[in-house]
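Please look through the structure below with the sequence at hand. The paragraphs that follow take up a few local features in turn.

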Amino acid sequence: MVAAVAVLLWRTSDVAATSRTTAEPAAVPDEAPAAELTQAWTAPTGPAPRQAVESGRVLVTDERGVAMLDAATGEEAWHYRRANATLCDATAVDGIVVVAFRTTGRCNELTGLDASTGAREWYRNVRFRTDVDLAATDQILLASSPTGIVTIDPVGDNTRWRYAPPEGCRIVGSDVGSSGVVVLQRCGGLAAVQVRLLDGFAGDVLWTRDLEVGSDTARLAGVDGLVDVVVGDRVHVLSPADGALLTEVELPALPEGQDAGTEPLQQVGVADVALLWARGQVLALDRTTGLPRWQVPALGLPATGAETVTVPEAGAFVQRSLADGTELQRWSTADEVPAGGRTSLVGPAVVYATDTAVVAHT
């Protein structure tokens with residue numbers, strides 16, 4: 001009887017319900033993509049991670065967990081899945097894949113996995129809402145929901161600070177980047193929205209600015225390099241130093257029938273510019289003035305390098321000068337590239353991740 005009970009307990013335990021493998025760290029060839037690219041592989045993903053490439057491999061998710069794939073072949077290197085839990089969200093930063101699982105009415109488990117090997121680095125209990133969104137930047141993991149946010153050290157797993165909106169306010173957007181953690185909140189039914197920047201490590205409020213938006217929808221584009229808020233057809237470019245309005249940039253008009261409140265927006269900071277992708281264009285915004293240095297059509301967010309960016313365009317991935325947008329090299333592809341993805345270079349592989357799939361071209 002004791003043996004039978006022991007077997008039953010094991011079969012219903014987290015250990016029995018967990019499927020995991022490990023791997024050696026990835027060896028990424030020191031090669032550039034070929035002049036003519038073809039689609040090497042594609043894999044479904046969802047919920048889509050904000051950061052799809054880490055430690056030379058590609059992160060994909062499904063209902064039960066995560067897997068890291070070889071960038072060149074798409075073959076699985078390692079996975080971590082739970083048969084008795086549902087994946088809430090996942091992201092990757094600082095060599096760690098962070099996964100949030102739900103086993104109760106809330107997302108109640110957070111686990112950090114070594115991105116190179118799949119080894120479990122840490123585990124902790126949490127009490128996140130089921131609509132929690134994970135985002136990350138160097139040394140900061142952000143877990144956000146409409147009722148509050150929390151920041152966690154992605155390597156050491158300790159909670160740094162929490163933020164709840166003032167009474168009568170609700171969070172309508174939040175993000176993390178090199179400038180800190182930004183919160184967009186509405187208070188008391190006012191027409192204005194508040195943009196608030198917090199120190200990423202201490203949680204101190206650095207500044208708060210009200211934006212008059214009228215009947216337009218206000219949405220955060222990003223906080224990496226500059227704080228950008230899209231209101232209607234204009235980008236309000238705010239200084240991360242004090243929240244001052246540096247400039248307003250006009251965006252192309254939306255196609256007829258498309259809702260401005262749901263259009264995809266993406267941003268990444270590199271060197272002295274912030275790259276903003278919106279409405280089929282990538283804009284390189286100067287960090288000092290907020291004005292566009294250059295602007296080109298793009299299907300999604302470029303990959304960034306020290307002096308170049310790789311822009312996904314119709315029929316090609318184009319390497320351009322970060323300084324002025326000049327075309328330096330073109331890697332053509334006959335395969336269709338969907339809109340709204342993020343581009344990454346992993347040796348000779350060009351990885352393109354959207355909300356629902358990851359595609360690699362070699």
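In the hairpin of S20 and S21, which residue takes a positive phi? The model is a predicted one, and in it the residue is Gly225, with a phi near 95 degrees. Four residues lie between the two strands of this hairpin. The strands themselves, S20 (residues 218-222) and S21 (residues 227-231), run antiparallel and are joined by four bridges. Within this pairing, Leu220 stands opposite Val229 of S21. Strand S20 is mostly covered, five of its five residues being buried.

The residue Ala274 leads back to this part of the chain. Ala274 belongs to strand S25, which covers residues 273-278. Its contacts, leaving aside residues up to four places away in sequence, include Asp224 and Leu226. Is Ala274 buried or exposed? Its relative accessibility is 0%, and because buried means under 20% relative accessible area, Ala274 counts as buried. Pro292 is 18 residues from Ala274 along the chain, and the C-alpha atoms of the two are separated by 9.3 Å.

Next come the aromatic rings. A pair of such rings is described by the distance of the centres and the angle of the planes. The structure holds two aromatic pairs. One of them is formed by Tyr80 and Phe101, with 6.2 Å from centre to centre and 50 degrees between the planes, and this pair is tilted. Tyr80 lies in strand S7 (residues 76-82) and Phe101 in strand S9 (residues 96-102), so the pair links distant parts of the chain, 21 residues apart. Both partners are shielded: Tyr80 is buried at a relative accessible area of 4%, and Phe101 is buried at 0%.

Four strands form it in the order S12-S13-S14-S15, with antiparallel pairing. Why is one side of S12 and of S15 left without a neighbour in the sheet? Strand S12 (133-137) and strand S15 (159-163) stand at the edges, and each has a single partner strand, so one side of each has no neighbour there. On average, neighbouring strands of this sheet are turned by 20 degrees against each other, direction ignored. S12 is joined to strand S13 (residues 140-145) by five bridges, and the two run antiparallel. In S13, Ile140 stands opposite Thr137.

Key:
Residues numbered from 1 in each chain as written. Predicted model: local features only at pLDDT ≥ 70, side-chain atom pairs only at ≥ 80, totals over all residues. Heavy atoms only, no water. Phe/Tyr/Trp six-rings, centres within 6.5 Å; stacked < 30°, edge-to-face > 60°. Buried < 20%, exposed > 50% of the residue type's maximum accessible area, 1.4 Å probe, protein only. Pairing = 2+ DSSP bridges. Axes fitted to C-alpha atoms, helices over the stretch in contact; angles between N-to-C directions. Contact = heavy atoms within 4.5 Å.
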